[in-house]
Structures are given as structure tokens and as C-alpha cells.
Amino acid sequence: MPKTDIDIAREATLDHIQTIADRLDIPQSAIEQYGKDKAKIQLDYIDNLPEKTDSKLILVTAISPTPAGEGKTTTTVGLGDGLNRIGKKTIMCLREPSLGPCFGVKGGAAGGGYAQVVPMEAINLHFTGDFHAIGIAHNLLSALIDNHIYWGNKLDIDQRRVSWRRVMDMNDRALRQITASLGGVANGFPREAGFDITVASEVMAIFCLAQSLQDLETRLGNIIIGHTRKREPIRAHQLNAHKAMTVVLKDAMMPNLVQTLEHNPAFIHGGPFANIAHGCNSIIATKTALKLADYVVTEAGFGADLGAEKFLDIKCRKAGLKPNAVVLVATIRALKMHGGVDKKQLQGENIEAVKKGTANLRRHIENLQKYNVPLVVAINHFVHDTDAELEIVKQCCADMGVPVSKASHWAEGSAGTEELANKVVALAEAGPSQYAPLYNDDMPLWDKISTIATEIYRASEVTAASNVRAQIKQFQDEGYGHYPICVAKTQYSFSTDPALMGAPDNHSVNVREVRLAAGAEFLVAICGDIMTMPGLPSVPSAEKIMIDDDGLVQGLF
């Protein structure tokens, strides 16, 4: 019986976390240990680190996700190990996993095989408590809103226009829409409310975009929680909520240091979803890594149309980052699914399906080339892939003038990514980054939405009801026109229809709602049937998760 990811992780002997810190020249006084295998890096130490201007930032993204799997996190870890193997001092920067998908359908998010970050059980479960802190900070604001209304409502908050929902880090569809404050006078004034998953919280987005505690406090204070009866916005600082929220988050803001199976350093910090948020780890972790290493490898959630677009158009814009290369991950299995093959029929060779599926790969390549960042395709190798199928992908990349590398890191660790690592170095060191975002700050909000929809999703039209267009115009007139756009849509398709796999074009994108994230400083455009509180599948992963007779967690991976 082949070893599972968790079997491989448990066989590993981990270095003490101070040993990992020593390799980065981080003194013991600058870390706060969480046991022997994980630690946080103190913010005052980070603030005093000198800038390292020659560090290289590498983004790992992927084709549109399928149930067959693409292995983006696994490739990020494998590439980071590979770069260290060829002598490049490298840190990996990853997002923290959410408990909702972990107990739902996705499973763990710490890599796999011999390309993992460890301790993987802790990382996938409660880790250092960051998500709990984010949820508490968010719900503290929720409690203060209802408490303010209960004690006289001096701000004249219109209960019908309270837009701030509660959060929890679990998939629970029953909480999407609720009625709060039932049970009589002592419990407040009944109103409609609801829950989102923690990773969809604006607090999570702010957490990952803030560059200091002071910046965090300012952004939290700017959150718009609703409106008055005169339709004037109410911000968190008017409720005196932002300072206490910052206190709750002060320890969470410190980046988390762990290691890979090959004892290389990794920062895992923050974790907004990429379909309903911007899908990148924290700016603090990324910038800290750039000060400490020669190479930083980071990932962006889901496919390149979502995660990479938001990394390049939101995170890089906000943080002043200029990526030096992009790695686009594809698997033969996923390409077959984009070519129309059912998940149960992926084992045998199918040249025609791979050929058809490369349309998705080509589309992502074309989109990424619009950002002027050099690109390499990584074929995440599975044992059932045939040489003929691999050749189809290699020929596709050759036709588009893009280098490609087969990567076997799941089975071989860093030895399976040496070729990929060398190709990444060749691209990253060919010259200074020429990165440019897809649109300029001064482009009107509606035009930004249209640009993303037509240039990245290849829509033939972008529509919105008159009230949505009016809301966008109002945001523009109120001075938010310079904000970037965070599109919330399905991750499974370039379109808003998850069933349209491959590379659909000439479709329509309907913007059904817009939300102002005034603290995160972007506008959320919700397109299609996207949920900010996911539900569990018919057979959730939680049903298989247990502690066995030896006290070990089983079924998590």
C-alpha cells in the first residue's frame, strides 16, 4: 500500500525551529516559539531588517482547478526545496489552511508527498491560532454594532442597512442567512443577519494587506459596517472598535516560521480565499522573506484567472512588489478533464483529451504574458502520465515560446525540481522585472471590472442591473475610483458558469453585487452564483477524520 502524505510527514525528523531560524540569521531573541517546530517572528525585529534589493520574487499559480488536482502548493514547496538544492537561499511563503475546506472536500493544504511543509497536522488544524484571532476580531466588531444599537443607537445606525456579517472558520450553509436578537427585549432588536467563512472576512483581507500594526489599526477603523437612516456610511472607528480589534490581532500579525521535509524555511501566514477575497499570504510575510533570502517562492489561490490576477493587480500594487518570474502549474489529469474526460476515466492514455485540454493552459499563458513577467510551465507529474501525453504539453508550450519542465517533486522532493529551479533562475536573473499591472489606478471602476472580464475571462459583454451600476458610480463619485477590483466568481471556469471548463469565450459576465472593502481598500465585484459561506459536500471529509488507538489523527489527508 503506497504511503499517504501524512505517513511521509510522520516519518520525517524535524529540525528544532531555532535551527531553521539560525539558517536565516534570525536570533533567538527575535522569535516566539510555539513548541519545538513552529515560531513567530517578532515585528520589531522585522521592522529593523535592511532591504535586500537583489532578492527575487517567484509566483506559483495554476491552470483552472479541477477535482483531479493541480498541486500548486506542492509545487511551491517542491520548487523552494529545489532552489535551495541548487544553492539559492530560498524561503517559501504560503497561506494558512482554513478548517472549513479541510473538513469539507479539499483536505489539507500543506503540500504533499515529499514536498510538504511540516508539522502538517498542526498547520492544517489550529496552527498558531491566527484564524481564531481573526474571527474574534471580526465578531468583536459585530458584537459592538448590536450593543451600540441596544444602548440607544447614538450613531443612528439603520438596522436594515447593517452590512457587517459574522464569521466562523467552518462551512455551514445553515448560517448564511439568519435572524439575530430573537428572544425578547433583553436580547436586542431583531434583524436579519448572517455568517461568512472567516477567510472571506474583510478583517482577513486587511490582515494580509496591512504592513504594520499602525496600518492595521487604521484599516480596521476604516471598515464600513453599514449606514445611517440618512444613508451615510458608519465606520468601525466611530464605534471605537478598531483599537481593541488590533489588540486581538497583535500576536497573529507576526509571521509563522515552519520548515519543509528537507528542513528549508517557510512562512505560512494569512489565508484569504481567492474567489471571494484576494487569495494571497500576508504582505508582511512576503516582505520579511525578501529581506532574509535570495529567492522567495509564493503562491496565489486557485487558477491564474483568480489568484494570479489578484496577486498581480492587488497585492503587488499595494505592496510595491515586482515579481521576477511566474510558474504556471498544470497536470495531465487536469488537462484531460478540461478536455472533457470524466474524473473516473483519467487513468488511461488519452492524447485527444490532452490536446483539447491545452486550450485552458494556452489561455492562462496568454493572460499571464500581459503582465510582462517571464513565465515557465511546470508539469506536476503523476505516475500514470505517458510520454506521449507529456509531449503534447511540451509542444503546446514550445508553440507559445514558453519554457516547460516536468516536475516530480511529489515522489522525489527537491531532486524532482532541479530542472525547474534552474529554468526559474534563468528567467529571474535575465534582467530587472518588467512587471506592469493590467490596469492603472486612475481607470474608472466600471472600466477596471470590464478590463478584467474581457482581457482575463474573455467575456464578450459585462452586464449589471441599474442599481448595481448606480452603486459603482456612487463609489466612483465618493473618491474610491483609484481602488483595485477584487472579482468574486467561480474558480472552476473562466466564465461565471462552473460547468464551462476548458477556455470558454464570448460569454457574458454579470456583476450582481458590489461591496466596498474600505479597510482593505478594494472593491469586491460579485459575479455569478458565488457563496461567501460555503456548504459541506454530501460526504464531507470530516466523516473520515478520527484519532486512532495510537492517538494519531487519521483521514485528514
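**Second largest pocket and its surroundings**

Analyst: β7 (157-162), β10 (191-193), α8 (202-209), β12 (224-228), α19 (466-480), β22 (507-517) and β23 (522-527) each supply at least two residues of the lining of the second largest pocket. The model is predicted, so local features need pLDDT of at least 70 and side-chain atom pairs pLDDT 80 or more, while totals for chains, interfaces and linings use all residues. Residues are numbered from 1 along each chain as its sequence is written, and side-chain values use heavy atoms, without hydrogens and water.

User: Which element gives the most to that lining?

Analyst: Helices (H or I, at least four residues) and strands (E, at least two) are DSSP runs, numbered from the N terminus. Here α19 gives the most, with 7 residues.

User: How is burial read, and is C208 buried or exposed?

Analyst: Buried means under 20% relative accessible area, exposed over 50%, and partly exposed in between (1.4 Å probe, protein chains only). C208, in helix α8, has a relative accessible area of 0% and is therefore buried.

User: Where does W151 lie, and is W151 buried or exposed?

Analyst: W151 is in the loop between α7 (130-150) and β7. Its relative accessibility is 63%, so W151 counts as exposed.
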